[in-house]
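Subject: A structure for you to look at

Hi there,

Here is the structure I promised to pass on to you. Have a look at it first, and then read on for what turned up.

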Protein chains: 2
Amino acid sequence: MLKISELSAQTGLSAHTLRFYEKHGLINASTRSEAGYRFYSEADVRRVEFVKTARNSGFSLEDIAQLLSIRVDKQSHSCQDVTDITQKKLDQVNAKIEELQSIQQTLEILLESCCGGPENASHCSIMEALDEGLTRDQARSESQ
Amino acid sequence: MLKISELSAQTGLSAHTLRFYEKHGLINASTRSEAGYRFYSEADVRRVEFVKTARNSGFSLEDIAQLLSIRVDKQSHSCQDVTDITQKKLDQVNAKIEELQSIQQTLEILLESCCGGPENASHCSIMEALDEGLTRDQARSESQ
DNA sequence: TATAAGCTTAGAGTTGGCTCTAAGGTCAAC
DNA sequence: GTTGACCTTAGAGCCAACTCTAAGCTTATA
Ligand SMILES: [Zn+2]
Ligand SMILES: [Zn+2]
Ligand SMILES: [Zn+2]
Ligand SMILES: [Zn+2]
């Protein structure tokens with residue numbers, strides 16, 4: 001049986017975070033001391049590790065709540081239930097990556113167009129591109 | 001001179017958002033009617049469009065505040081000032097992309113390992129992988 | 001027995017970028 | 001002159017996932 005600080009040390013999650021997860025129904029201490037101190041069993045620890053792993057895999061706490069409800073009763077759920085959650089998360093991640101890659105490209109084009117030098121910015125093509133709304137080819141070279 | 005709803009229609013930013021940007025020092029209506037209604041000049045509109053373009057390029061409102069202070073006095077700033085902001089943002093975007101790609105990979109490996117079928121999840125290798133902490137090769141195939 | 005470390009709770013604060021509400025003043029049309 | 005659309009403000013609420021605070025109780029060590 002571990003106290004919260006011991007569980008914290010073992011998992012790398014802060015005691016605050018562990019209480020926060022409990023408040024949101026993700027984890028629990030299966031026993032309490034007379035004074036109300038939380039005590040975590042081996043099974044409790046495994047559940048916390050599950051949550052931590054799922055979080056590191058990109059799942060939201062809401063996703064994790066669903067995964068946990070499958071975990072406690074695997075018989076009543078199918079592999080498809082699990083892949084549905086996972087695929088949905090992957091779709092979100094892919095969408096976000098695409099969005100960021102579009103921004104990445106824009107920033108790279110902007111950077112390529114600017115000399116980056118110490119002279120004053122009245123000729124700066126990044127500023128011009130932002131002024132002109134980066135339609136079309138966004139920014140032409142500053143040179144000449 | 002445009003009223004706020006007209007500027008909203010022209011830029012696609014809500015009147016709420018325009019007031020929000022004003023409260024945060026990004027934009028301003030250069031004149032007000034006697035009753036206090038905001039009126040935007042051509043120059044005001046161009047500034048708002050600059051903000052919008054910068055936002056679409058991935059800059060935070062704080063970045064944009066810096067870019068705007070360069071914009072109003074280009075003589076006192078260098079191209080390097082502009083690229084510093086842009087490069088820093090690109091670095092952040094790249095870091096975020098890498099983080100998401102790592103998650104993407106994890107999710108893909110998980111999905112590959114699971115049959116996704118209608119049978120019950122007691123043999124599900126996604127659940128197993130999350131239980132085991134996805135160390136090493138994370139998840140082996142469910143088959144056999 | 002006294003000090004300090006650790007535990008408890010409810011609840012507030014953080015971040016960023018909106019988004020909305022309430023309560024009221026203004027303005028154009030009918 | 002009255003409806004209804006539009007404008008004003010300060011300030012609250014939202015999202016996720018923490019992060020921290022305050023005030024008080026418990027436990028271990030000296
Ligand atoms: Zn230059
Ligand atoms: Zn430049
Ligand atoms: Zn299966
Ligand atoms: Zn499976």
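A salt bridge, as the term is used here, is a side-chain nitrogen of Lys or Arg within 4 Å of a carboxyl oxygen of Asp or Glu. Please keep in mind that this is a predicted model.

With that rule in hand, let's start between the chains. B:K74 and A:D131 form a salt bridge through their side chains, with 3.9 Å from N to O, so the pair falls within the 4 Å limit. This pair runs from the loop between α4 and α5 of chain B to helix α6 of chain A.

A:D131 has another partner too: the side chain of B:R71 meets A:D131 in a salt bridge, at 2.9 Å from N to O. Because B:R71 sits in helix α4 of chain B and A:D131 in helix α6 of chain A, this pair joins two chains. Are these two residues buried or exposed? B:R71 counts as buried, at 18% relative accessibility, while A:D131 is partly exposed, at 30%.

Next, a pair inside one chain. A:E99 and A:K96 make a salt bridge in which the closest N and O atoms are 3.6 Å apart. The two residues are three apart in helix α5 of chain A, so about one helical turn separates them. A:E99 is partly exposed, with 44% relative accessibility, and A:K96 is partly exposed as well, at 36%. Over all chains, the count comes to twelve salt bridges.

Now to the DNA. How many residues surround DNA strand C? There are 18, and the closest are A:S5, A:Y37, A:R38, B:F20 and B:Y21. By type, the residues of this surface divide into seven nonpolar, five polar and six charged. Helices α1 and α2 of chain A and α2 of chain B each supply at least two of the residues, and the largest share, four residues, comes from α2 of chain B.

Of the atoms of DNA strand C within 4 Å of the protein, 62% belong to sugar or phosphate, and the rest to bases. Several arginines have a polar side-chain atom by a phosphate oxygen of DNA strand C: the distance is 3.1 Å for A:R19, 3.2 Å for A:R32 and 2.6 Å for A:R38. A:R32 and A:R38 also turn up in the other part of this story, as they are linked with A:E22 in a network of salt bridges.

Enjoy exploring it!

Best wishes

How values were computed:
Residues numbered from 1 in each chain as written. Chains lettered and ligands numbered in written order. Predicted model: local features only at pLDDT ≥ 70, side-chain atom pairs only at ≥ 80, totals over all residues. Heavy atoms only, no water. Buried < 20%, exposed > 50% of the residue type's maximum accessible area, 1.4 Å probe, protein only. Near = heavy atom within 4 Å. Polar contact = N/O pair within 3.5 Å; in protein donor to acceptor, adjacent residues only side chain to side chain. Nonpolar A, V, L, I, M, F, W, Y, C, P; charged D, E, K, R; others polar.
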